[in-house]
Amino acid sequence: METSETLSPVVLDPFGRSQHQENARLRELGPVALVELPGGVPAWAVTHHQVLQELLADPRVGKDPRHWTQYAEGRLPVGWPLINFVNVPGMITTDGADHRRLRSLVGQALTPRRVEAMRPRIQELTDRLLDPVQGEFELREAFAYPLPMRVIGELLGLPAADQDTLHALSSVLISSSAEPGETLAAQRDLLALLGALAERKRVRPGDDLTSALLAAREAGDALSGEEVVGTMLTMLVAGHETTLNLITNAVRALLADPAQLTRVRAGELDWSAVVEETLRYDSPVGQFPLRYAIEDIVVGGVLIRRGEALLASYAAAGRDGAQYADADTFDAARPPGRHLSLGHGPHFCIGAGLARLEAEIALRALFARFPDLRAADRGTPPEPVASFISNSVRELWVVAH
Ligand code: HEM
């Protein structure tokens, strides 16, 4: 049986230059492939849909970093770029009862009702962002980024003036190619900014998620100050970087297939089907770090030893040919399947409803306003975001008439 000692790892490109090609190679190696993360850190990439789905719900796999031998023994490189996914206190770094407690307290704050109540405001923000747009413009900067940022910003009660600073810092956290130390500095600055906001909300609560997190109580229990700020950080990053990619990737896929766009605009296909197919075809999260084997696990002829790390390879699973016919083709008319791009199991995305709502409103409004929207010819194909965690392009130039 193969182990991390008998296999040689595939070095994951920290700049995420051709994630889909890289993922195709990893899938060929089997359901799990040994990879090398920045700093020479080994992990198992889980790239086949079925096995990923099983491992995401497997109690032998956890997210508490104390299960990770390399972390517990202090053997991570100083300033490691993925450290935020390992050590920030909150939902993404806890399991079992600790995790259920956090989720339930956060769930009290982010209720379906609160999300649905955002609908008119999301529409208003969308329309306002589209009003000044004309001619050739860069879609991410003008639209796909500010919309989810304002939505999560308003939800958390962040002052609009801080939002661009927070985005710049959060982009560092999800970059797998950040310079040593850059991530730690960004994490420290973000925690300081969010900590100051939490303090202001403690003194003067408002009708926002931060105040709701501070107020959430269950059986005499509440979130600690550190947990509130860690959760705000996760919500901020998860709440806008991903939806930004989803909107960008959907527009890109539709502009590359005008016939399909025509069918959507004619009402033959729903916007929700476009959103789900984009999630599958071009998962906004490429690889999600990290999980850890709590026991030895045998999968696909490989022994993952207790204490080793796993990556959830969402973009790879979305294009698994064993799960989807013509997996490399964007087809919003395909029979609805259950993609994994919003996670699965206990850590399923807590913002899924909000993400879907935002993306549908954004896409419908964009194409209603600009029925002839097309990709601008910039001479070269768009560059990818420099990270294997984030899966999208850095810029998407389009022409509106
Ligand atoms: C297109 C948009 C989004 C995508 C693709 C996405 C994807 C995901 C995925 C794949 C996970 C599971 C991570 C893992 O453990 O492997 C996750 C978890 C999470 N997401 Fe999202 N997400 C999106 C939007 C949002 C939004 C809008 C919010 C907040 C308002 C949010 C908050 C979270 C949080 C807090 C978790 C951690 C849940 C836990 O560990 O229990 N996400 N998301």
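**View 1. Who holds the iron?** In this predicted model, C349 is the only protein donor of the ligand's iron atom, reaching it through SG at 2.3 Å. Donors here are N, O and S atoms within 2.8 Å of the metal (3.2 Å for Na, K and Ca), and water is not among the atoms, so sites may look incomplete. C349 sits in the loop between α16 (314-318) and α17 (352-369). Helices (H or I, at least four residues) are DSSP runs, numbered from the N terminus.

**View 2. D13 pairs up with R17.** Their side chains meet in a salt bridge, 2.8 Å from N to O; that term means a side-chain nitrogen of Lys or Arg within 4 Å of a carboxyl oxygen of Asp or Glu. D13 is buried at 15% relative accessible area, while R17 is exposed at 56%. Buried means under 20%, exposed over 50%, and partly exposed in between (1.4 Å probe, protein chains only).

**View 3. D58 and R60 join hands.** The closest N and O atoms of this salt bridge are 2.8 Å apart. D58 is buried at 14%, and R60 is partly exposed at 29%.

View 4. R128 and E124 form a salt bridge (3.1 Å, N to O). Both lie in helix α7 (residues 119-130), and because they are four residues apart, about one helical turn separates them. R128 is partly exposed at 48%, and so is E124, at 39%. Together with R121 and E154, they are linked in a network of salt bridges. The whole structure holds 22 salt bridges.

**Notes.** Residues are numbered from 1 along each chain as its sequence is written. Local features need pLDDT of at least 70 and side-chain atom pairs count only at pLDDT 80 or more, while totals for chains, interfaces and linings use all residues; side-chain values use heavy atoms, leaving out hydrogens and water.

Technical notes. Helices (H or I, at least four residues) and strands (E, at least two) are DSSP runs, numbered from the N terminus.
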